[in-house]
Amino acid sequence: MQTDTALGAIGGTPMVRLQGFEPEGGAEIWIKMEGGNPTGSMKDRMAVSVLTRAMERGDLTQGDRVVEYTGGSTGTALAFVSAVLGLRFTAVFSDAFSRSKQQAMDAFGAEVLVEPSDSTITPELIQRMKSRAYALAAEPGSFYADQFGSPDVRAGYIPMGQEIAARLGRVDMLVSAVGTGAALMGTADGLAKAGQTPDVIALEPAQSPLLTTGKGGPHKVEGIGVGFEPPFLDRTRLTDIRTVDQDAAFAMCRRLAAEAGVFGGGSTGLNVVAAIDLARELGPGKRVVTISCDTGAKYLGGHIYG
Ligand SMILES: Cc1ncc(COP(=O)(O)O)c(C=O)c1O
């Protein structure tokens, strides 16, 4: 990792104990504060992993164009890392996603191609974005970041697990909501490298219980519950999969900010709702770890904080 550039600001995020949220007679609850990364999201870890490893292999060189289709934080993270590494970045985006995400990519000098929509995120729209990204990535001097396929995505979260183990020592349970599944599995990989093999619990919104029932649905928790089997999820490594109601998650976001100063997005609230239940089940003397995936600042003016 280059420490004399802005990439040095990725990772090394603090951990907070949510003592006021721990059930009586239950386990400790700790949360990794990933909103502290440069773009306010844990996605910086995967972006730096994908792009630096591709450059090391010679698959990508300065001046090349990185391409990805994205509606969220991944695009901002790739735009940020590309800016630092002297790469160009083209995002295939849509006006169905929030304008602030487009502005953040613009700020990092990205080219943002906007697929028109009727403001709703549909499988047809995603397919259109994907086809456009594939076509661009096939042009000379272009590199497809492949957020749903590259093994470097999961590997990008290994340091997160190692940081958790270095801070806490023993970890009994790791709990997190899944989008691609990379953050949960990569963090578990990092913990294993540090000698910790906790129970691993994946979460999804109750409104889209694809993993637990096989049938997804519309929901409002950004970044998770993608509507298909998460490509990096290794079910053989999971102890359990739980669903959490999205409204309970959003209420928890507001409580976390007001009572603990932990200011996160919807997936953070969802993670803590589950962590509290699991801490109760696990009992005293144990330790549950979860993730605050991104900063709540990204969600101001939306349905979580108003
Ligand atoms: C806010 C937020 N939380 C959680 C996740 C899930 O992470 P992963 O895709 O690594 O499972 C994402 C991913 O997009 C996200 O943006």
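## A buried arginine and its partner

R65 is buried, with a relative accessible area of 10%, a value that falls under the 20% limit for that class. In this predicted model, R65 forms a salt bridge with E139, and the closest N and O atoms of the two residues are 2.9 Å apart. The pair connects distant parts of the chain, 74 residues apart: R65 belongs to strand β3 (residues 65-69), whereas E139 is in the loop between α4 (123-137) and β6 (142-144).

E139 is partly exposed, at a relative accessible area of 39%, while R65 is buried at 10%.

## Salt bridges elsewhere in the chain

The count of salt bridges in the model comes to 20. One of them joins the side chains of E34 and R45, with an N to O distance of 2.7 Å. Because E34 lies in the loop between β2 (28-33) and α1 (43-57) and R45 in helix α1, this pair ties together parts that are 11 residues apart in sequence. Both E34 and R45 are buried.

A further salt bridge is formed by the side chains of E22 and R17, at 2.8 Å from N to O. Here E22 is buried, with a relative accessible area of 17%, whereas R17 is partly exposed, with a relative accessible area of 32%. The value for E22 is 17%, so E22 is placed under the 20% boundary of the buried class. Through shared partners, salt bridges join R17, E22, E28 and R287 into one network.

## Surroundings of the ligand

The ligand is surrounded by 15 residues, of which the closest are K43, G179, T180, G181 and S267. By class, this shell has 7 nonpolar, 5 polar and 3 charged residues.

A polar backbone atom of G179 is 2.7 Å from an oxygen atom of the ligand, and a backbone N or O atom of G181 lies 2.8 Å from a ligand oxygen atom. For S267, a polar side-chain atom lies 2.7 Å from a nitrogen atom of the ligand. On its own the ligand has 390 Å² of accessible area, and the protein covers 93% of this area.

Note on methods: Residues are numbered from 1 along each chain as its sequence is written. This is a predicted model: local features need pLDDT of at least 70, side-chain atom pairs count only at pLDDT 80 or more; totals for chains, interfaces and linings use all residues. Side-chain values use heavy atoms; hydrogens and water are left out. A salt bridge is a side-chain nitrogen of Lys or Arg within 4 Å of a carboxyl oxygen of Asp or Glu. Buried means under 20% relative accessible area, exposed over 50%, partly exposed in between (1.4 Å probe, protein chains only). Helices (H or I, at least four residues) and strands (E, at least two) are DSSP runs, numbered from the N terminus. A residue is near a molecule or strand if one of its heavy atoms lies within 4 Å of it. A polar contact is a pair of N or O atoms within 3.5 Å; within protein, one must be able to donate a hydrogen and the other to accept it, and residues adjacent in sequence count only if both atoms are side-chain atoms. Accessible areas come from the Shrake-Rupley method with a 1.4 Å probe; for residues, only the protein chains shown count as cover. Ala, Val, Leu, Ile, Met, Phe, Trp, Tyr, Cys and Pro count as nonpolar, Asp, Glu, Lys and Arg as charged, and the others, Gly among them, as polar.
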